[in-house]
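Please prepare a short briefing on the structure shown below.

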Amino acid sequence: MARGHLRIYLGAAPGVGKTYSMLCEGHRRLERGTDVVIGFIETHDRTHTADLTGGLETVPRKVVEYRDCTFTEMDLAAVLARKPEVALVDELAHTNVPDSGPNTKRWQDIDYLLDAGIDVISTVNIQHLESVNDVVQKITGVAQRETVPDVVVRRADQIELVDMTPEALRRRMAHGNVYSADKVDAALSNYFRPGNLAALRELALLWLADRVDAGLQAYRQQHDIIGTWEARERVVVGLTGGPEGDTLIRRAARIAARSTGDLLAVHVSRSDGLTGADPRRLGQQRQLAEDLGGSYHQIVGDDVPDALLSFARAQNATQLVLGGSRRSRLGNLLGGSGIEENTIRDSGDIDVHIVTHSQMGRGHRLPRRQGALSRRRRLQGFLLAIVIPLFLTVALSATGEAFNLTSNVLVFLLAVIVVALVGGLWPAILAGVGGSVLLNYFFTPPFRTLTIAERNNALALGVFVLVAFLVSSVVDRAARRTRQAARASAEAETLATLAGTVLRGETGLPVLLERVRESFGMRAAALLERSESGWQQIASTGSADFRRPEDADAAVPAREDLVLVLRGRNLAADEHRIVGAFADHAAALVDRARLAEAAAEVKPLAEADRLRTALLRAVGHDLRTPLAAAKASVNSLRSADIEWEVAERDELLQTADEALDRLSRLVDNLLDLSRLEAGVLPVFIRPTALDEVVPVALGELGADSARVLVDIPHTLPLVHADPVLLERVVANLVGNAIRHAPVDLPPMLTASAFGDQVQLRVVDRGTGIPRDHRDRLFVPFQRLGDTDNTTGVGLGLALARGLTEAMGGTLEAEDTPGGGLTMVTVLTAASEQESPDLVPGSRERDGTQGVTRD
């Protein structure tokens, strides 16, 4: 069975007429004899849209009950059973009501219909596409919960944009054709503002244009069309990695901007990799192209004009931007037509722009170290170019006429090749010219003169000079390529070392500087930063102190305010770009370290802000609740209209008293928590008896403490603790256990000694807390598992742990066997020789100042 076809009407906003257009298309197909049914249509009570549903068969909707509410959804099974030729299904991005069918999304239902061979016509707004969902939220301020993957829409056979200007849509809304009258004003002043609608319209047009362009490219590939179709401007700029690249990119970007076209930067690399291009500069130019809204591409090709044009035609480019040749006039004269001329000749219907720049005519100046051959080999070559021809002249003259001129020429040619192998081009040319003079003077009739009597001899000497020159050029070029290959290999090895350093996590500046120093054989390396007071050394390795870049043997800038300096020797031209890669990485390390420092500085502020926000949210309610209860009780008692009985009066007073006690505890907790975080909470550690602290703590809990089962042996050793703070810890832990313990399973408070430690356990049989949530138990303003959010703000456990740690103890949560949670407080036991110098509970706490006094 052939898969059905999908047609989608795309709109920029609700109300542009997507559903209306879909119904019109359904009527047109029905008039042509096509079997059309409505699978699902949402008219939104729009009269004109509802009128169009007449005359079209509608498949009854499926009624779904969900959470005591009734909903209607498309009956997928009924549509499949009806099997029409075309089904109209509205709202492609709609999320189905749970348990209404086999799929969670309507676009998945549509896939079922398409698989059954049914053609489907649907609708969707641009804000529901997954790729632009976040952009739409930034524009409108409204988050869209229902989205559809872009691939679902892109693979539709037809996408038609239902377009409408913002002004027309707002007029339609004002006339009541989109929303009811009571919603028009709010819609026009919020989501449907002119700016919002214009931005959404542009977003829809651009998205559809990209889809159309992709379809065009696919069509050209299917039909092997290589010519340029100027349906959309695309500007390709060719980069060599030279300093003129920035100028070319900016000029190409201006050309593309004038025609709202695309910018593509491309660099052609040779297959042997020996292009001489600067990777660092290419990286900077890539960043520039991307910053200007373009894309960067790197292709391989030995024929640069052919590679450039092939890429441009594959991208359906309309314009190609190249820089003027850097070859000198002599280079143009000897080398023939260059890349620009060949590209223009073969460009066909692609416009080629040749942009002038400051590097034109200055030559390529490829960075190389001491030429193709070392200076020593060149000196040896010049020495051999003088000595060998003279030696051969003496040796051949001594043989008399044993050898003819041809043999002598071959011997001298061999000498030229030897000189070329040793010294390169210029020594070989010297040997060739000198040898030709000696052959002419000593071995060519008439002898002892520079006159050549026979044409054959003149031809032989001419061929000798030409062959010597050609052989010398070949040898010199081979030596140059060998040096370039070795240089590239060394650079690759150095950069691989740098990459390995990064991958191994050796990201410190000293490590990086040490790598630079070792790799280039330097005595010292450092990174200097320029500030308002001058240059400062922020990292170094080796025995050297740099005050400014001028103090170094080599200085490579990472950016305007950072310079990597080296001491030991001067850097060669080809080494500068490798050191530049290290400098860039060093700058990135500096930025990363400073960002980490800034994040570390901001983190406490963010945490404080989070706590402040949580405090305002939580305490706002919890402060008002006891205040409201106390105020209501006091106002009732003050009322002159009611005569209260004694019991009623006592009950109101008790309510006010309990509310104020609760408020007092809340304020105490907040003050103690703030003192703990600030590190100013006074703690007086002394030997303390648990059996004296626990009753006082339970007394603070009032009647609720009667449920607690207590088992504190009198034989327990004393513990090192602050008695008042320990009372607060016990009260908070027991109060938390009371809130979570079932009525029939009261919490327990037990204590035991283990070596030099005493453990105090508060056990409840409640629902417990999952292990992955245990750490959150002790975060302020967390109320994990609370069934009643009116019982506190979530400070109890956070404060209990803070107070325990302030006394040198620990507080951890454990599972209660059989279910529940056990809070384990561990304190250090006091020795038998120690005795308390203060009776627990004898200190009073000043509630107004929040300080502890003896």
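Glu 25 and Arg 28 lie three residues apart in helix α1 (residues 18–31), so about one helical turn separates them; helices here are DSSP runs of H or I with at least four residues, strands are runs of E with at least two, and both are numbered from the N terminus. The two side chains form a salt bridge whose closest N and O atoms are 2.7 Å apart, a salt bridge being a side-chain nitrogen of Lys or Arg within 4 Å of a carboxyl oxygen of Asp or Glu. This is a predicted model, in which local features need pLDDT of at least 70 and side-chain atom pairs count only at pLDDT 80 or more, while totals for chains, interfaces and linings use all residues. Residues are numbered from 1 along each chain as its sequence is written, and side-chain values use heavy atoms, with hydrogens and water left out.

**Salt bridges**

- Side chains of opposite charge can pair when their charged atoms come close.
- The structure holds 20 salt bridges.
- Glu 57 is partly exposed at 38% relative accessible area, and Arg 82 is partly exposed at 29%.
- Shared partners join the salt bridges of Arg 7, Glu 25, Arg 28, Arg 29 and Glu 160 into one network.
- Asp 115 and Arg 3 form a salt bridge with their closest N and O atoms 2.3 Å apart.
- Here Asp 115 belongs to helix α4 (residues 106–115) and Arg 3 to the segment before β1 (6–11), 112 residues apart.

**Overall fold and surface**

- The protein has 24 helices and 26 strands.
- Of its 854 residues, 43% are buried.
- Among contacts (heavy atoms within 4.5 Å) between residues at least 6 apart in sequence, 70% join residues at least 24 apart.
- The accessible surface comes to about 45100 Å², with 54% belonging to carbon and sulfur atoms; the areas come from the Shrake-Rupley method with a 1.4 Å probe, and for residues only the protein chains shown count as cover.

**Cysteines**

- Zero disulfides are found in the whole structure, a disulfide being a pair of cysteine sulfur atoms within 2.5 Å.
- Cys 24 is partly exposed at 21% relative accessible area, and Cys 69 is partly exposed at 37%.

Methods
Buried means under 20% relative accessible area, exposed over 50%, partly exposed in between (1.4 Å probe, protein chains only).
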